[in-house]
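Subject: Structure for your files

Dear colleague,

Here is the structure I said I would pass on. My notes on it follow below.

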Amino acid sequence: MTSLVIDARHNGPPGSGNGGWTSGLVAGAVGAVDGLVEITLRKPPPLETALTVTATADGWAVHDPQEALIASAVRRADDVPAVPPVSRTEALAASGRYPGHTDHPFPTCFVCGPQRPDGLRIFPGRLPDGRTAATFTVPTDVSPAVVWAALDCPGGWAVIDRDQAFVLGRYAVAVDALPEPDDECVVVGEPVRREGRKALVRSSLYAPDGNLLARAEATWIAVAG
């Protein structure tokens with residue numbers, strides 16, 4: 001058994017942990033370095049709370065102090081496909097079209113919130129083909145959890161619109177290499193399919209030289225109105 005804490009800085013929706021950051025912490029706690037792990041978020045992850053991670057028959061479970069199931073994790077056998085890259089120029093232009101600048105369901109999100117000067121400030125706008133793209137200046141304290149967080153919202157914004165908010169439900173990330181601190185990378189996202197309230201999306205992170213650094217696949221869940 002191990003434990004983890006989501007500090008208040010790494011929030012998504014107000015009062016709960018950012019889904020990508022939380023999933024990255026869980027992946028690290030269960031040893032995702034030796035294979036792909038898929039995280040399913042069961043409840044909004046609480047902030048500043050000691051969560052326990054325990055092994056189960058088919059993976060791992062994350063509980064809060066009241067024994068509520070917050071997340072689960074399993075090994076994933078199949079790989080995660082990459083989203084094709086775009087140029088820095090295209091990514092910058094897409095960021096200028098980011099709808100979250102003026103209409104954001106969670107404007108203080110650590111990853112994509114325009115009201116977070118201390119966040120990752122990734123602002124994914126739509127490309128003409130329906131994908132999203134943004135530039136991402138890598139923080140000096142880069143870690144696998146930062147990469148998991150950076151790939152989270154660019155996928156989500158491929159389906160989020162002004163009439164429907166979504167939250168992360170299930171998430172798997174393959175980190176091939178960490179980006180260098182202070183590098184300006186490009187992150188891209190794409191919608192794959194939509195079934196009812198569930199939307200499958202993918203995202204990828206590219207280094208300034210165009211090398212693929214990481215790729216993700218996620219299921220986002222539409223928030224009931």
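Predicted model: local features only at pLDDT ≥ 70, side-chain atom pairs only at ≥ 80, totals over all residues.

Strand 2 (residues 37-41) and strand 5 (residues 69-75) run antiparallel and are joined by 5 bridges. Strand 5 also pairs with strand 4, again antiparallel, over 4 bridges. There, Val 62 has Ala 71 of strand 5 as its bridge partner. The hairpin of strand 4 and strand 5 has 5 residues between the strands, and Glu 67 in this hairpin takes a positive phi near 70 degrees.

How do the strands fit together overall? There are 11 strands in an open sheet, in the order 1-3-4-5-2-8-11-10-9-7-6, with antiparallel pairing. Strand 1 (2-5) and strand 6 are the edge strands, each pairing on one side only. Elsewhere in the sheet, strand 10 (residues 198-206) and strand 11 (residues 212-222) are antiparallel and share 9 bridges. Lys 198 is placed opposite Ile 221 of strand 11.

His 63 is worth a look when you open the file. It is part of strand 4 (residues 60-63). Is His 63 buried or exposed? Its relative accessibility is 18%, and the cut-off for buried is under 20%, so His 63 counts as buried. Beyond its neighbours within four places in sequence, His 63 is in contact with Ala 50, Leu 51, Thr 52, Thr 54, Ala 68, Leu 69 and Ile 70. By contrast, Ala 77 is 14 residues away from His 63 along the chain, and their C-alpha atoms are separated by 25 Å.

Now the helices. Helix 1 lies across strands 1, 2, 3 (50-55), 4, 5 and 8 (166-175), and runs at about 130 degrees to strand 2. Helix 3 lies across strands 2, 7, 8, 9, 10 and 11, at about 130 degrees to strand 8.

Two packed helices are described by the angle between their axes and the distance between the axes. For helix 1 (residues 19-30) and helix 3 (residues 144-156), the axes come within 7 Å and cross at roughly 145 degrees. This crossing is right-handed. On the helix 1 side the contact is made by Gly 19, Gly 20, Trp 21, Ser 23, Gly 24, Leu 25 and Ala 27, and on the helix 3 side by Ala 145, Val 146, Trp 148, Ala 149 and Asp 152. These contact residues divide into 7 nonpolar, 4 polar and 1 charged.

In helix 2 (residues 88-95), the buried residues include Ala 91, Ala 94 and Ser 95. They lie on the same side of helix 2 because they cover an arc of only 100 degrees around the axis. The buried residues of helix 2 pack against strand 6 (125-126), strand 7 (132-137) and strand 9 (184-195).

Most residues other than glycine have a negative phi. Glu 48, in the loop between strand 2 and strand 3, has a positive phi near 50 degrees. With a relative accessible area of 52%, Glu 48 is exposed. Asp 182, in the loop between strand 8 and strand 9, has a positive phi of about 75 degrees. Asp 182 counts as exposed too, at 55% relative accessibility.

Regards

Methods. Residues numbered from 1 in each chain as written. Heavy atoms only, no water. Axes fitted to C-alpha atoms, helices over the stretch in contact; angles between N-to-C directions. Helix = DSSP H or I, 4+ residues; strand = E, 2+ residues; numbered from the N terminus. Left-handed = near helix turned anticlockwise from the far one by under 90°. Contact = heavy atoms within 4.5 Å. Nonpolar A, V, L, I, M, F, W, Y, C, P; charged D, E, K, R; others polar. Buried < 20%, exposed > 50% of the residue type's maximum accessible area, 1.4 Å probe, protein only. Arc of directions from axis to C-beta. Pairing = 2+ DSSP bridges.
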